[in-house]
Each structure stands twice: as structure tokens, then as C-alpha cells.
Amino acid sequence: MLNYIISRLLQGALVIFLISLATFVIMRMLPGDPVMLLLGEGEIQITQEQIDAIRAKWGLDRPYYEQYLVWAGNMLRGDFGDSLIRRGVPVRDMIFEAMPVTGRLNVMAFALALLISLPAGIVAGVKRNSPFDYATTIGSTIGVALPNFWFGLMGIIVFALMLRWVPPFGLKTWQGYVLPVVVLASEQMAVFTRVMRGATIETLSQDYVRTATAKGLSRQVVILRHAVRNALLPVVTVIGFRIAFLFSGTIVIEQIFALPGLGRLFVDSLYRLDYQVVQSLVVLLAALVVFINLLTDLAYAFVDPRIRIER
Amino acid sequence: MAVAQLDQKQLSLVKETERRSEWLQAWRRFRSNKLAVAGLIFIVLICLMAIFAPLLAPFDPTEIIAKRGAPATSEHPLGFDDIGRDLLSRVIYGARPALIVGLVSTFVSVVIGVLVGAAAGYFGGWVDAVLSRLIDTLMAFPLLALLLLLASVLGPSLWTTVIVIGATTWARFARVVRADVLSLKQTDFITASRAVGVRNGRIIWRHIVPNILGPVIVLASLGVGGIIILEAALSFLGLGLQRPTPSWGLILADGRAWLRQHPHIATYPGIMIFLTVLAFNLFGDGVRDALDPRQRAD
């Protein structure tokens with residue numbers, strides 16, 4: 001088990017390194033010069049010496065590998081540098097400012113999705129081909145095909161503009177969370193319900209479930225104690241895997257509902273060529289994904305000894 | 001006489017079974033799935049609509065004819081968009097980029113995924129180690145963030161969109177193909193081909209690839225829908241297709257500013273995205289059940 005943990009940790013570190021390298025390279029390839037953009041493309045009269053001074057101050061005049069090493073070293077120490085555009089504001093402050101919004105949204109959406117999809121998936125799997133099963137299948141099929149940005153816009157039209165139950169934009173009151181959370185949750189819900197249903201059906205056909213039934217255990221005990229507990233395993237993997245997708249949904253949702261979270265920070269910084277913010281965000285999020293995947297893998301290995309032996 | 005007739009009958013039965021190749025059997029299974037067939041029919045209709053857009057669209061999709069968001073008339077059944085162009089014509093033309101990106105990106109993604117996955121699984125060792133870390137890295141990237149980044153590096157356009165989506169979504173395919181190839185490698189017929197000295201490239205191309213085609217086709221047909229959503233999301237965020245090209249994601253972005261006054265602009269392109277993605281997903285489910293009856297979801 002210890003060997004497994006160590007090898008997974010090393011793999012994770014390697015992946016984060018590769019991601020930081022890739023992000024850095026991509027950022028240097030971006031068209032446009034952040035210094036020029038900041039100075040308003042020739043609107044302000046400025047001498048070449050002054051431009052050079054700014055470049056030197058930000059380290060933009062040094063060779064790329066040096067720039068990368070400095071940046072990576074700083075990142076490891078928790079110093080993400082200063083924003084190039086919002087002069088002098090540390091990137092860390094910008095990220096900390098936006099993080100609670102994105103965090104709250106996603107935790108609520110995730111909780112809502114799990115709360116509804118897991119029981120729904122189990123019941124649909126147990127009562128196969130029942131009206132409830134059909135309803136869940138139809139619901140999750142629709143949920144997967146629904147583009148979240150359009151669902152969000154339709155939500156605004158119906159519930160904010162026509163019915164006036166919730167505000168169309170912003171988070172001034174708790175009602176502002178309702179639409180974004182529901183929209184974010186809908187996609188997860190569809191995926192989780194499908195997986196949970198499939199896993200339930202799969203485990204219910206296993207021999208040990210039949211044995212448990214033959215032993216005379218009640219249906220409830222067989223389902224909850226024997227089947228569902230094992231069916232949760234593949235679901236955990238999918239949930240860990242879906243974490244990487246969370247941010248994609250957040251980018252779009254925060255844009256639509258004008259929420260000051262990480263997704264909006266990312267898009268705004270990208271439009272403004274704010275190198276520091278974009279690359280810090282990507283690396284941080286990737287590290288988060290790697291970390292969560294590691295946790296799910298370890299949890300899996302802990303629960304299911306077969307995985308430890310296999311590798 | 002009777003005996004001879006029976007033989008005839010049996011013979012024709014044998015012949016028919018022979019003709020019933022694996023693909024034909026798969027087609028029969030697919031055909032019996034009504035939802036999948038409905039999906040396929042819708043896909044064909046959308047493709048026809050995209051190909052014959054100039055004939056079907058009543059107006060030029062980029063011509064400004066009326067004032068902003070003017071309501072529907074009998075000549076313009078969907079009304080007008082945010083600067084007074086015929087919305088129906090724009091929605092019809094919008095099928096083109098959606099399908100081009102959906103199909104070509106999936107193709108690119110599958111080709112890269114199969115090559116990488118087959119190489120990793122077949123050669124093993126350090127090749128596998130390197131490629132597997134590459135796959136892990138790509139899977140850990142926040143996808144939409146990476147797409148937005150790459151699109152702004154390359155400059156947003158139709159073909160940029162096709163390439164960046166194709167180049168970033170292949171990791172899933174590679175993972176599945178790698179696992180399949182790993183188990184194929186253990187089979188006797190591969191060992192036999194190696195024993196008689198068949199070159200690696202030929203073994204991969206002639207023996208491995210045909211055997212993993214089934215799962216790959218399934219993954220590909222299930223992937224198109226998600227890629228169409230990605231294209232629309234990219235265009236919606238301004239880093240996919242560019243104005244004035246009619247794209248469903250772009251029309252949505254145009255309509256977003258006028259949700260209160262002219263909600264119809266954002267409504268129709270979204271319905272088209274939803275229906276098209278739904279059709280591809282149902283079709284993909286049908287293909288999965290037809291090609292791999294063991295993996296049936298229900």
C-alpha cells in the first residue's frame with residue numbers, strides 16, 4: 001500500500017510539472033504584448049527605455065527557461081506573482097477573492113446533484129423498467145444533452161425575467177445562487193444517475209447478492225448492505241473523474257450569471273492577456289484535479305484490495 | 001423430391017447465415033432500437049439541412065433586413081436577430097459549423113487517441129510510461145480552460161476550433177484503446193504473428209486496429225454530442241467561430257444581451273443544439289448496444 005501511495009504521488013507531481021510547463025509555453029505563444037496592452041497600444045507616449053524598464057522589472061527580458069524556473073519556484077512557495085494588468089495586485093489576492101464564490105457554487109451544486117442522483121439511480125436500478133426507471137432515464141438523457149449555457153439563459157428568461165422569483169444576475173441575495181446551482185447540478189445529476197443506475201444493476205446480478213437473498217435476508221438489507229455499498233465504488237471513480245469537468249461548467253455559468261468567481265477571473269484575464277493570473281489558475285486547478293484523483297484512487301485502493309495487488 | 005427441397009431450404013438458410021456478417025447483425029440490433037433510429041434519422045436530416053443550407057434558407061444569413069429583434073412574420077417564422085438578420089436562415093446555416101466541428105474534431109480526436117493508445121499498449125515499457133503520463137496530463141487539464149487558451153494562441157476560427165478540440169479530447173480514446181490493446185497482446189494470434197516475423201506496424205494495423213474498432217466506434221459516436229456542445233460553448237465565449245458567421249453558439253451570445261426584450265433570439269439556436277446533441281447521444285447509445293451487447297446499459 002505504501003509503495004502504491006508513493007508511486008501515485010510521484011506520478012501526480014510529474015503531471016503537475018508537465019501541466020505547468022505546457023501552460024507556460026502556451027502563454028508565451030499568445031499573440032499580443034502585455035506591456036503594450038497595458039500601456040493602451042500607443043495611447044500613452046512612452047520611451048523605449050521605459051518599456052525596457054517595465055520588462056526588466058517583470059523579468060520579461062530574461063530567457064524563457066529562467067522565467068519558467070523563477071515562476072515555478074515562486075508558485076511552489078505560494079507566491080503567484082502580481083497581476084500584469086491590475087498593477088501591483090498580487091494574483092493570490094485575486095484568486096482568494098474569487099475562490100469562495102466558485103467554491104460555494106460548486107459544493108452546493110455537487111451536493112444537490114449527489115443528493116438527488118444517488119437515490120434516484122439506486123431506485124431506478126432496483127426497479128428496472130418501472131415508470132420511475134423510465135422517467136429517470138429520460139431525465140438523465142435530456143440532462144446530458146442540455147447545453148448548460150442555454151439552460152442557464154432559459155432559466156433567466158423564465159424564472160428571473162418572467163416569473164421574477166430570482167434575480168437574473170449576481171449574488172446579492174441567497175436567491176441569486178438558485179439558478180446557477182441548479183444549472184451546474186443538472187449536468188452532474190444526469191451523469192451520476194446513469195452511473196449509479198448501471199452500477200446498481202451490475203451488482204444486483206452478482207452471485208454474492210443472490211447468495212445473500214438465498215440466505216433469507218430481507219430485500220432491503222440485500223440492496224442497502226450488499227449491493228449499494230459495492231455499487232458505490234465505480235460511482236466514486238466517476239465522481240473523481242468529473243472534478244476535472246467542474247471548472248468547465250463554472251467558466252460558462254459564471255459568465256452567464258455575471259458571478260465574480262474563478263471562471264470569470266480566468267476568462268477576463270485571458271482576454272486581457274494577464275499571463276500571471278491565467279497560468280496560476282490553470283496550474284492550481286490542475287493540481288486540484290490531480291490531488292482529488294489521487295484521493296479517489298487511494299480511497300478505491302483502500303476499499304478494494306484487488307487494486308493494490310494488481311499494480 | 002421432398003428431401004431435395006428441404007436441402008434447398010437448408011442451403012439457403014446456411015447461405016443467409018453466412019451473409020449475416022457481424023456488421024449486418026450489428027445493424028439488425030441497431031435497427032430494433034427505435035430511439036437510436038430516430039436519432040440517426042434526425043442526424044441525416046440535420047446533415048441534409050447543413051449541405052443544402054443555401055437552398056433551404058429563405059434569406060441571406062448575414063443580410064440585415066429589419067430592425068433589432070423584430071418579431072416573427074409569415075415570411076420570417078423565427079423573427080429577427082439582434083441586428084435584424086433573418087433568424088431562421090441563421091439557424092439553418094448554423095448547422096454547418098456544428099456538424100463540421102462535431103464530426104471532424106471527433107475524427108481527429110479518435111485518430112490521435114487510437115495511435116497513442118495503440119502505441120502505449122503495444123510497445124509497453126518506457127513508451128507506455130511516457131504516453132500514459134501524457135494522457136494523465138491532458139486529462140487533468142481543465143478542458144474548457146485549455147481550449148480557450150489554445151484558441152486564443154492560434155487565433156479563433158472554424159479550423160482552429162476543429163483542431164484545438166480534436167487535439168485536447170483524445171485522451172479518453174487513448175486510455176480505452178491502450179487497455180484493449182494490452183489484453184489483445186496476450187492473445188495467441190498476436191503471438192503467432194510475431195513468431196512468424198510480422199513487422200510491428202503491420203501487426204498494429206492489420207490485427208490490433210480491426211479488433212479495437214468496435215469500442216472505438218462506440219466511443220466516437222458517443223463523443224460527437226459533447227464536442228458539438230464544446231463548439232457552441234467556445235463560440236458563445238467568443239473564442240470559437242467569429243461574427244458574422246452563423247453559429248448556434250454565436251447566435252446564443254448575440255441573444256444573451258437581449259434576453260428581456262427579445263428572448264426568442266437565444267431560444268431557437270439552443271433548441272437546435274439540444275436536439276442535435278440528443279440525436280447523436282441516442283444514436284451513440286444504439287451503436288454501443290448494437291456493437292457490444294454485453295455492455296448494454298439496460
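**Entry 1. A pair on the surface of chain A**

I began with Asp207(A) and Arg210(A), and I found that both of them are exposed. The model is a predicted one, and I read every value in these notes as computed from it. The two residues sit in helix α9 of chain A, which covers residues 207-214, and they are three residues apart, about one turn of the helix.

**Entry 2. A buried pair in chain A**

I next looked up Arg197(A) and Asp133(A), whose side chains meet in a salt bridge at 2.7 Å, N to O. This pair links distant parts of the chain, since Arg197(A) belongs to helix α8 (residues 175-204) of chain A and Asp133(A) to helix α6 of chain A, 64 residues apart. Are the two residues buried or exposed? Both Arg197(A) and Asp133(A) are buried.

I then took Asp133(A) by itself and placed it in helix α6 of chain A, residues 131-145. Its relative accessibility is 1%, and because buried means under 20%, Asp133(A) counts as buried. With its neighbours within four places in sequence set aside, Asp133(A) is in contact with Ala124(A), Lys127(A), Arg128(A) and Arg197(A).

**Entry 3. A pair in chain B**

In chain B I went to Arg178(B), which forms a salt bridge with Asp128(B), the closest N and O atoms being 2.7 Å apart. Arg178(B) lies in helix α9 (residues 171-185) of chain B and Asp128(B) in helix α6 (residues 125-140) of chain B, so the pair ties together parts that are 50 residues apart in sequence.

**Entry 4. Salt bridges over the whole structure**

How many salt bridges does a search of the whole structure find over all chains? The search finds 10. I also wrote down a network of salt bridges that links Arg194(A), Asp285(B), Arg288(B) and Asp289(B).

**Entry 5. Leu161(A)**

I placed Leu161(A) in helix α7 of chain A, residues 148-162, and at 14% relative accessibility Leu161(A) counts as buried. Which residues are in contact with Leu161(A), leaving aside its neighbours within four places in sequence? They are Ile156(A), Pro168(A), Leu259(B) and Arg260(B). I also compared Leu161(A) with Gln255(A), and these two are 94 residues apart in sequence and 18 Å apart in space, C-alpha to C-alpha.

I tested the length of helix α7 of chain B, residues 143-154: at 1.5 Å a residue its 12 residues should span 16 Å, and the end C-alpha atoms are 16 Å apart, which agrees. The helix α7(B) is mostly covered, with 10 of its 12 residues buried. Among the buried residues of α7(B) I listed Leu143(B), Leu144(B), Ala145(B), Ser152(B) and Val153(B). Just after α7(B), I noted that Gly155(B) takes a positive phi of about 85 degrees.

I then moved on to Thr161(B), found in helix α8 of chain B, residues 158-168. Thr161(B) has a relative accessible area of 1% and is buried. Apart from its neighbours within four places in sequence, Thr161(B) is in contact with Val101(B), Ser105(B), Glu231(B), Leu234(B), Gly240(B) and Leu241(B).

**Entry 6. Chain A as a whole**

I ended with the totals for chain A, which has 13 helices and zero strands. The C-alpha atoms of chain A fill a box of roughly 85 × 60 × 25 Å along the principal axes. Of its 311 residues, 49% count as buried, and chain A exposes about 15,800 Å², of which carbon and sulfur atoms supply 66%. Among the contacts in chain A between residues at least 6 apart in sequence, 71% join residues at least 24 apart. For the charges, I noted that the mean positions of the 27 positive and 21 negative ones in chain A are 14 Å apart.

Terms used:
Residues numbered from 1 in each chain as written. Chains lettered and ligands numbered in written order. Predicted model: local features only at pLDDT ≥ 70, side-chain atom pairs only at ≥ 80, totals over all residues. Heavy atoms only, no water. Helix = DSSP H or I, 4+ residues; strand = E, 2+ residues; numbered from the N terminus. Buried < 20%, exposed > 50% of the residue type's maximum accessible area, 1.4 Å probe, protein only. Contact = heavy atoms within 4.5 Å. Areas by Shrake-Rupley, 256 points an atom, 1.4 Å probe, with all protein chains shown as cover. Lys, Arg positive; Asp, Glu negative; His and termini not counted. Charge placed at Lys NZ, Arg CZ, Asp CG, Glu CD. Expected span 1.5 Å × (residues − 1). Salt bridge = Lys/Arg side-chain N within 4 Å of Asp/Glu carboxyl O.
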